[in-house]
Amino acid sequence: MSVFNASRLLGKTVLVTGASSGIGAATAILFAKGGANLILLARRADALKAIADACTTAHKESGVQQGGKVATIQLDVSDKAQVSGLLDKIPAELRAIDVLVNNAGYVLGVERVGEIAASDIEGMFATNVLGLISVTQLFIKDFKQRNTGHVINIGSIAGREAYAGGSIYCATKHAVSAFTGSLMRELVDTSIRVTEIQPGMVETEFSVIRFRGNKAAADKVYEGLHPLTAEDIAEEIVWAASRPPHVNLAEVFVLPVNQASATLNYRGNRL
Ligand SMILES: NC(=O)c1ccc[n+]([C@@H]2O[C@H](COP(=O)([O-])OP(=O)(O)OC[C@H]3O[C@@H](n4cnc5c(N)ncnc54)[C@H](OP(=O)(O)O)[C@@H]3O)[C@@H](O)[C@H]2O)c1
C-alpha cells in the first residue's frame with residue numbers, strides 16, 4: 001500500500017461494476033482501505049452485501065477518517081432499463097462520482113465459430129460491450145460538466161490478441177479497447193482521465209463461469225503456473241486512480257511472470 005498516494009483517494013467516490021467477486025471485489029476493498037467511498041454494483045445481492053461488509057471492515061481497520069461510505073445496488077449492466085434508472089438509486093451524497101471502474105464482464109465456453117449459441121454471443125456483447133458503454137454514457141456527461149473524473153475500463157489480453165476458442169470474448173474485449181481509445185481521444189481537452197487495464201490470467205470465478213461450473217476444467221487453466229490474483233489487478237487499478245491529476249495511465253498490460261501471450265506460457269515452475 002505504501003506505493004499508493006492514498007491521500008489522493010481520500011473522500012473520493014468510486015463506482016465499481018461487477019463488485020460481487022474477483023477483481024471488482026478486491027478493487028472495492030482496496031479503495032475502501034485508501035479512504036474512498038464506494039458504490040458497488042452486481043446482480044447477486046447477497047454477494048454484494050458481503051463485499052460491502054468487507055469494505056467497511058477494511059476501512060475501519062485502516063484507521064482513515066475520510067471515506068468509508070458504502071452503497072450497494074443490485075444491477076444487471078446488460079439491462080438497458082436498469083442502467084437508465086441507476087442514477088436515481090445512488091444515494092444523493094454519493095452522486096458525484098470521481099472514479100468509474102467498468103469491470104463487469106465474463107466469457108462463456110470455448111466453442112468454435114459456427115457452434116456458438118446465439119444466447120452466449122448476445123450475453124457477452126450485452127454485458128462486456130453494451131453494458132460498459134451504457135454505464136459510461138450515464139456518467140460521462142457529469143464528468144464533462146465538472147471537468148473531472150476517471151474512467152477505468154477492464155479490458156484484457158483478449159482485447160490485444162485473438163485466440164482460437166475465444167472469438168466472441170476476444171471481439172468484446174477488442175471493442176472495449178477501441179471504445180476506451182476513442183473516449184480518451186475525445187477527452188484530450190479535458191481533465192478527465194481514461195485508463196484501460198489489460199490483465200492476462202487472473203484466478204477468479206472467471207474460468208469457472210467459462211467452463212459452466214466445471215471447477216476441475218477451470219483449475220486446469222492455472223495448473224503449473226502462478227496466475228495473477230484479483231488483488232494484483234486491484235493494485236493496478238488503485239495505482240492508476242492514485243496518480244497525480246495530470247498523469248493518465250492510458251494502458252496497463254499485466255501478466256503473470258510465466259505468461260507471455262494469450263497462448264504462450266510456461267508451466268514447469270511453481271513459484
Ligand atoms: N480472470 C481473468 O483471467 C481476466 C483476465 C482479463 C480480464 N478479465 C476481466 O476482468 C473482469 C472481472 O472478471 P473477474 O476475473 O473478476 O471474474 P469474476 O470473479 O467472475 O467477476 C465478474 C464480476 O462481473 C459481474 N457481472 C457479470 N455479469 C454482470 C452483469 N450483467 N451485470 C452486472 N455485473 C455482472 C459478476 O457479478 P454478478 O454475477 O453478481 O452479477 C462479478 O462480480 C471482467 O471484465 C473480465 O473479462 C478477467
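Helices and strands are taken here as DSSP runs, helices of at least four residues and strands of at least two, numbered from the N terminus. The model examined is a predicted one. Within this scheme, Asn147 occupies the loop between helix 5 and strand 5. The phi angle of Asn147 is near 50 degrees, a positive value in a residue other than glycine. Arg212 is located in the loop between helix 7 (206–210) and helix 8 (215–222), and its relative accessibility of 45% places Arg212 in the partly exposed class.

Two helix pairs were examined. The axes of helix 5 (residues 118–146) and helix 6 (residues 167–186) come within 8 Å and cross at roughly 15 degrees. Angles under 35 degrees count as roughly parallel, and helix 5 and helix 6 are therefore roughly parallel to each other. Their crossing is right-handed. Helix 5 contributes Ile121, Met124, Phe125, Asn128, Val129, Leu132, Ile133, Thr136 and Ile140 to the contact, while helix 6 contributes Ile168, Tyr169, Ala171, Thr172, Ala175, Val176, Phe179 and Leu183. By class, this contact of helix 5 with helix 6 comprises 14 nonpolar, three polar and no charged residues.

For helix 1 (residues 22–33) and helix 9 (residues 230–241), the axes come within 8 Å and cross at roughly 50 degrees. Helix 1 and helix 9 are therefore oblique to each other, and helix 1 passes helix 9 in a right-handed crossing. Residues in the contact include Ala26, Leu30 and Phe31 of helix 1 and Ile233, Ile237 and Val238 of helix 9. The contact of helix 1 with helix 9 has 10 nonpolar, two polar and two charged residues.

In soluble globular proteins, nonpolar side chains tend to be buried together. The largest nonpolar core of the model has 36 residues, and those with the most contacts inside this core are Phe31, Leu40, Val101, Ile152 and Ile237. At least two residues of this core are supplied by each of several elements, among them helix 1, helix 2 (45–62), strand 5 (150–154) and helix 9. Residues up to four places away in sequence being excluded, Phe31 touches Leu9, Val14, Ala36, Leu38, Val99, Val101, Ile237, Val238 and Ala241.

Notes: Residues numbered from 1 in each chain as written. Predicted model: local features only at pLDDT ≥ 70, side-chain atom pairs only at ≥ 80, totals over all residues. Heavy atoms only, no water. Axes fitted to C-alpha atoms, helices over the stretch in contact; angles between N-to-C directions. Parallel < 35°, antiparallel > 145°, perpendicular 65-115°, else oblique. Left-handed = near helix turned anticlockwise from the far one by under 90°. Contact = heavy atoms within 4.5 Å. Nonpolar A, V, L, I, M, F, W, Y, C, P; charged D, E, K, R; others polar. Core = buried A, V, L, I, M, F, W, Y, C linked by side-chain atoms within 4.5 Å. Buried < 20%, exposed > 50% of the residue type's maximum accessible area, 1.4 Å probe, protein only.
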